[in-house]
Each structure stands twice: as structure tokens, then as C-alpha cells.
Amino acid sequence: MRFIKGFVDFIRESFIKQPENTQPGGKKRIVFIDLAKGVCIILVVLLHSGYLMDVPALKALRMPLYFILSGLFFKDYGGVLNLIVKKTNKLLIPFCSFVIIYLLISIVTSPRAAVLPKVVEDILQPFTEPRVNNLPIWFLLCLFWVNLIYCIISRNVGNIWFRAALILLIAYGVGYYVSVHNIYLPLFFASALSATPFFFIGVCLRKLPVLYKTEHDRFYLLAFVLAAVAAVTYCVLKGTPFIDFRSNVYQGNIVEIYLVAVVLVVALLLVCKAVEWLPLVSYIGRYSVIVLCCHAIFIDYAYLPYYFCVGRDVTALESVVISWILCWLCIPVLKTFVPYITAQKDLITYTPSDSGRIGSKQFRKA
């Protein structure tokens with residue numbers, strides 16, 4: 001009976017709009033953000049599946065959307081140590097867990113003689129080059145650094161303009177410099193430096209009428225949709241200006257990169273606010289961390305059981321369909337049975353009154 005109830009709740013949550021007040025403590029959930037995250041993770045999975053790679057403007061939208069969304073909801077949790085603990089739970093633990101899971105699967109499917117070199121390579125890889133075995137989750141490690149960098153800056157620089165200037169100085173004095181000179185900073189740190197301005201834009205957008213409905217929404221929507229059409233047209237005619245954040249490679253003029261990305265992201269957010277909710281897409285967006293961590297595993301290895309079942313190689317389209325179904329089905333399983341490694345619950349807790357002791361039973365925001 002418990003399984004049946006859980007399955008019914010899963011189907012209902014996937015296809016029926018949920019009440020907005022579903023946050024712990026009765027906080028109002030901003031439903032359209034789940035839709036925006038759903039669109040974003042769909043683009044990520046399709047790109048990693050080999051689709052939409054040459055579609056103009058998508059490269060300018062995809063990763064800036066993720067960083068700006070993260071900035072929209074930035075909190076410093078009362079201090080740098082609090083933030084480190086919180087983001088360790090939400091980002092580093094999923095990162096490390098799914099690196100290990102991917103490594104274990106690759107060990108099982110690799111020849112015995114290749115096991116030790118594979119283990120060493122997977123452990124050392126993100127220290128020496130912009131890769132990790134479960135490739136999409138580089139973003140989690142990068143986002144951890146972005147949160148830490150911005151938290152330190154925001155707590156020490158009060159003036160918003162000085163803060164913006166310092167962020168740009170760090171991003172382009174270091175992030176852009178190492179990109180131009182083809183220097184890799186371990187653990188995607190250079191990528192984080194280049195991404196911090198987009199995160200900061202998200203923080204700034206929070207002060208504008210983006211998150212909540214206003215009487216002028218239709219005018220904002222019309223203006224930014226027209227601007228987005230102009231941006232896409234520019235990308236078609238001139239090429240898409242963007243940053244390949246994983247490799248920290250700049251493609252195009254910096255001003256063009258920011259202008260195109262911000263216009264596209266804000267336009268998408270306003271469209272999502274107008275639509276508010278879509279079946280399945282919003283559900284996937286709500287648990288986008290799980291999909292981010294799992295989809296490469298399914299894309300890379302789901303073909304094995306399929307091959308044994310049908311006796312032939314899986315096609316590219318079948319791979320995408322199978323991966324999406326598995327991503328969707330694994331969400332309720334993982335968030336129920338392994339919530340600590342999927343950012344659903346905190347594994348590490350920290351209470352300032354415990355004199356710095358980590359591991360107390362409660363987490364209280366400072």
C-alpha cells in the first residue's frame with residue numbers, strides 16, 4: 001500500500017499542478033522557477049545527447065540561465081562557514097557521490113587490467129583538466145566556488161557598485177586572463193571566476209519585478225521577447241557569443257556575451273512566469289539536481305541492458321528517450337532512499353552555538 005500511495009503521489013506531482021505553499025514552514029514556492037529549471041535541464045540533457053548543438057543562441061542561454069537562477073536565490077546563511085556547510089550538503093556531497101557512482105559503474109564494465117588506471121584517472125582528472133568522469137556534474141563543483149566567492153565579497157563589500165567592480169575585476173583580471181593564456185585552475189575554479197558575474201546578475205534581478213507578478217508583466221514580457229528575437233537574429237547572422245564555462249573558453253566579445261545572455265535569460269524567465277507550470281517539465285525542474293547527476297550515467301550505460309534485450313545497438317533517439325524515462329523514474333526513488341546525496345536533506349549540520357562543532361542534530365540559520 002505504501003508503494004502504491006508513493007507511486008500515485010509521484011504521478012500526481014509530475015502531471016498535476018501542486019499548491020504553491022509546499023515549502024517547509026509554509027513558505028510560498030515560486031512555481032515558475034521550477035519550469036525555468038526544467039527547461040534548462042532539458043536543454044542540458046539534449047546537448048549532452050548530441051542534439052541542439054548547433055542551434056543559434058542556445059549556448060548563450062543554457063549555462064548563464066543556471067548561474068542566474070542560482071544567484072536569484074542566493075543566501076549567505078549568516079556567514080561563510082554556514083554557507084560552506086550548506087553548500088557542501090547541496091553541491092559537494094552530490095558531486096562526490098555521483099563521481100563515485102559513475103566510477104563504480106565504469107569499473108564493473110571495464111576490463112580488469114584497466115581498473116586501476118581508471119580509478120587514478122577519475123580521481124586526478126578535475127585537478128589537471130576541465131573534465132570529470134560524470135561530465136555534467138562539473139557544474140556543482142563550479143557553483144560551490146561561485147557561492148563561496150560571492151559570499152566572501154558580499155560580506156566585505158557593502159556598496160553594490162564597488163561589489164560589481166570587484167567581481168568584474170576578479171572575473172576578467174583572473175578568469176579571462178587564464179582563459180586567454182590557456183591556463184587551467186584546478187577543480188573548475190577559473191570557470192567559477194568567469195561565472196560569478198552572471199551569478200551577481202541573478203542577485204541583482206531579485207531586486208527587480210522578475211520573481212513576482214505585477215500589473216506591468218505583459219509589457220516587460222513583450223519588450224524582452226522582442227529583444228530576445230533581436231538577440232537570436234544577431235546570433236544567426238554573426239554567430240553566438242558565449243562562454244564555454246566548463247573549459248573556461250570565451251567565444252566572442254565580452255559585451256556581446258553579457259548582453260545576449262541576459263536578454264535571453266530574462267525573456268525566458270518572463271515567459272515561464274506567464275506560463276507558470278507545465279506537466280513533467282516543472283517536476284523535472286524541481287528536482288533538476290537529480291537529473292543533472294544521473295542523466296550522463298543513463299546516456300553512457302543504459303544501452304547495455306537495452307542491447308541484451310533487443311539484440312542490437314541502441315539508436316541516438318532511443319538513447320535519449322530511455323535516458324529521459326529513467327531520469328524521471330529515478331527522481332522519487334533517489335529522493336526517498338538516498339536524500340542525503342541528492343541535495344534533498346542535509347548530511348552535515350552546523351550550529352554556531354556549538355563553538356564550531358560540526359555534526360549537531362539541528363541546523364539553525366544565523
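These legends accompany an overview and two close-up views of a predicted model.

**Figure 1. The protein chain as a whole.** Of its 366 residues, 47% are buried.

**Figure 2. Helix H2 beside helix H12.** Here we zoom in on H2 (residues 31–48) and H12 (residues 288–301), whose axes come within 10 Å and cross at roughly 15°. Because angles under 35 degrees count as roughly parallel, H2 is roughly parallel to H12. The crossing of these two helices is right-handed. From H2, the contact draws on Lys-37, Ile-41, Val-44, Val-45 and His-48, while H12 brings Ser-288, Val-291, Leu-292, His-295 and Ile-299. Sorted by class, this contact of H2 with H12 holds 6 nonpolar, 3 polar and 1 charged residues.

**Figure 3. Helix H8 against helix H10.** Our last stop shows H8 (residues 189–205) packing with H10 (residues 254–275) at an angle of about 40°, their axes 12 Å apart. That angle makes H8 oblique to H10. H8 and H10 also form a right-handed crossing. Look for Ser-194, Pro-197, Phe-198, Ile-201 and Leu-205 on H8, which meet Ile-257, Tyr-258, Ala-261, Val-262 and Val-266 on H10. The residues of this contact of H8 with H10 comprise 9 nonpolar and 1 polar, with no charged ones.

Definitions and conventions
Residues numbered from 1 in each chain as written. Predicted model: local features only at pLDDT ≥ 70, side-chain atom pairs only at ≥ 80, totals over all residues. Heavy atoms only, no water. Axes fitted to C-alpha atoms, helices over the stretch in contact; angles between N-to-C directions. Helix = DSSP H or I, 4+ residues; strand = E, 2+ residues; numbered from the N terminus. Parallel < 35°, antiparallel > 145°, perpendicular 65-115°, else oblique. Left-handed = near helix turned anticlockwise from the far one by under 90°. Contact = heavy atoms within 4.5 Å. Nonpolar A, V, L, I, M, F, W, Y, C, P; charged D, E, K, R; others polar. Buried < 20%, exposed > 50% of the residue type's maximum accessible area, 1.4 Å probe, protein only.
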